Amino acid sequence: MIKQAVRNQSGTEDLVTCSPRVLELLDMTRRFAASSATILITGESGTGKEVLANYVHQHSPFAAGPMVTVNCAALTETLVESELFGHSTGAFTGAVAQRQGCFELAAGGTVFLDEFGELPLPTQAKLLRVLEEGDFQRVGDGKILKLGARVIVATNRKLKSEIVAGRFREDLYHRISSLTLHNPPLRERLDDIPLLINHFLTRFNRDALSQIEGVSDLVIKICQEHDWPGNIRELRNVLLRACLLTDSRVVTKLELPGTFPRLARFDDEDEPSIGSTSLSLSEIERRVILKRLESLHGNRTETARTLGITSRTLRNKLAEYRRLGHVG
Ligand SMILES: Nc1ncnc2c1ncn2[C@@H]1O[C@H](COP(=O)(O)OP(=O)(O)OP(=O)(O)O)[C@@H](O)[C@H]1O
Ligand SMILES: [Mg+2]
């Protein structure tokens with residue numbers, strides 16, 4: 001079970017890490033953030049690209065200004081250009097009033113173009129021009145407006161493959177990729193699992209989603225064996241589900257999804273499988289109590305509390321185990 005097992009070293013509430021690799025990335029991030037240059041954030045889905053974009057903003061000279069996010073996916077060419085650059089009245093069908101785009105709204109702050117690999121090719125050309133020239137025009141309006149915001153772009157697509165497939169402009173790639181921050185997948189930063197679990201449990205408790213005190217050591221072990229294709233988002237969702245399913249104050253492996261690979265390997269290892277037909281109820285209870293006592297370094301008060309029994313009950317049970325010779 002973990003409780004404040006590892007101290008958060010990242011320095012912000014929303015971004016927790018103690019992984020040397022990520023701490024190094026954050027160091028590089030702060031250095032990049034100090035400039036006003038465009039930054040590219042890459043990484044698989046759920047690795048925290050948006051969280052890192054916020055970190056850039058907070059550590060940049062633009063921190064006092066707004067941060068405006070545009071999700072570039074699933075928008076038609078006309079709509080995405082209107083989102084980015086704004087439009088004048090009558091610029092296209094439906095443009096009944098003039099509108100400011102995110103580049104204008106983010107003046108003095110940061111524009112975050114999320115899912116940026118999905119921009120239509122003509123929009124990519126316009127964006128390249130904006131980044132090169134440092135100015136832009138609203139759709140349907142000739143007036144030149146100055147770009148007063150730092151631009152961050154993020155994608156989970158492999159842009160080099162997108163270029164080969166003809167879906168992404170190579171010149172735009174070269175314009176944005178010199179300051180690239182790559183978020184490693186969770187399976188390459190497994191040392192962060194205890195800290196992340198602790199972070200999410202604290203969040204759920206704070207938001208009154210649960211009243212959980214921790215997870216068993218075995219849960220941590222299993223989580224450090226899982227591949228996490230959905231990365232940190234998947235970890236959050238798995239934990240939330242587990243917290244909602246458990247009847248006790250501690251999450252055990254029983255609340256993890258049955259689809260978790262290699263779960264069976266841990267059966268009877270150090271937490272008894274409740275499904276095992278060879279164990280009696282009292283034997284299961286004995287193993288759970290002794291294991292919990294061990295993981296809490298012999299602290300009886302904590303052991304009783306986390307198991308939901310009184311200290312007196314625990315004392316009696318331990319005395320019985322000693323009498324039966326089950327405990328050294
Ligand atoms: N270092 C971190 N510490 C704590 N929580 C994190 C961290 N990184 C990511 N998260 C959490 O993980 C979830 C996914 O993060 P985020 O949305 O930033 O990922 P993403 O890479 O943008 O994903 P997608 O590509 O699917 O948009 C969020 O709930 C976020 O709060
Ligand atoms: Mg995202």
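User: How do β1 and β8 pair, parallel or antiparallel?
Analyst: Strand β1 (residues 39-42) and β8 pair in the parallel sense over 4 bridges. Two strands pair if DSSP finds at least two bridges between them. Strands (E, at least two residues) and helices (H or I, at least four) are DSSP runs, numbered from the N terminus. This is a predicted model, in which local features need pLDDT of at least 70 and side-chain atom pairs count only at pLDDT 80 or more, while totals for chains, interfaces and linings use all residues. Residues are numbered from 1 along each chain as its sequence is written, and chains are lettered from A and ligands numbered from 1 in the order in which they are written.

User: Which residue of β8 stands opposite Leu40?
Analyst: Leu40 stands opposite Val153 in β8.

User: Which residues stand opposite Thr110 and Phe112?
Analyst: Thr110 stands opposite Arg150, and Phe112 stands opposite Ile152. Strand β5 (residues 110-114) runs parallel to β8, and 4 bridges join them.

User: Is β8 mostly covered or uncovered?
Analyst: Strand β8 (residues 150-155) is mostly covered, as 6 of its 6 residues are buried. A residue is buried if 20 or more other C-beta atoms lie within 10 Å of its own, exposed if 12 or fewer, and partly exposed in between, with C-beta atoms placed from the backbone.

User: Which β8 residues point which way?
Analyst: Arg150, Ile152 and Ala154 point one way, and Val151, Val153 and Thr155 point the other way. In a regular strand the side chains alternate between the two faces of the sheet.

User: In what order do the strands of the sheet come?
Analyst: The order is β2-β5-β8-β1-β9, an open sheet of 5 strands with parallel pairing. Its edge strands are β2 (67-71) and β9 (180-182), each of which pairs on one side only.

User: New topic: how many residues does α5 have, and how far does it reach?
Analyst: Helix α5 (residues 121-133) has 13 residues and reaches 19 Å from its first C-alpha to its last, close to the 18 Å expected. The expected span is 1.5 Å times one less than the number of residues. Just after α5, Gly134 takes a positive phi of about 75°.

User: Why does Arg233 count as partly exposed?
Analyst: Arg233 counts as partly exposed because it has 14 C-beta neighbours inside 10 Å. Arg233 lies in helix α10 (residues 231-245).

User: How far apart are Arg233 and Ser45?
Analyst: Arg233 and Ser45 are 188 residues apart in sequence and 8.3 Å apart in space, C-alpha to C-alpha.

User: And how many helices and strands are there in the chain?
Analyst: The chain has 13 helices and 11 strands. Buried residues make up 32% of its 328 residues.
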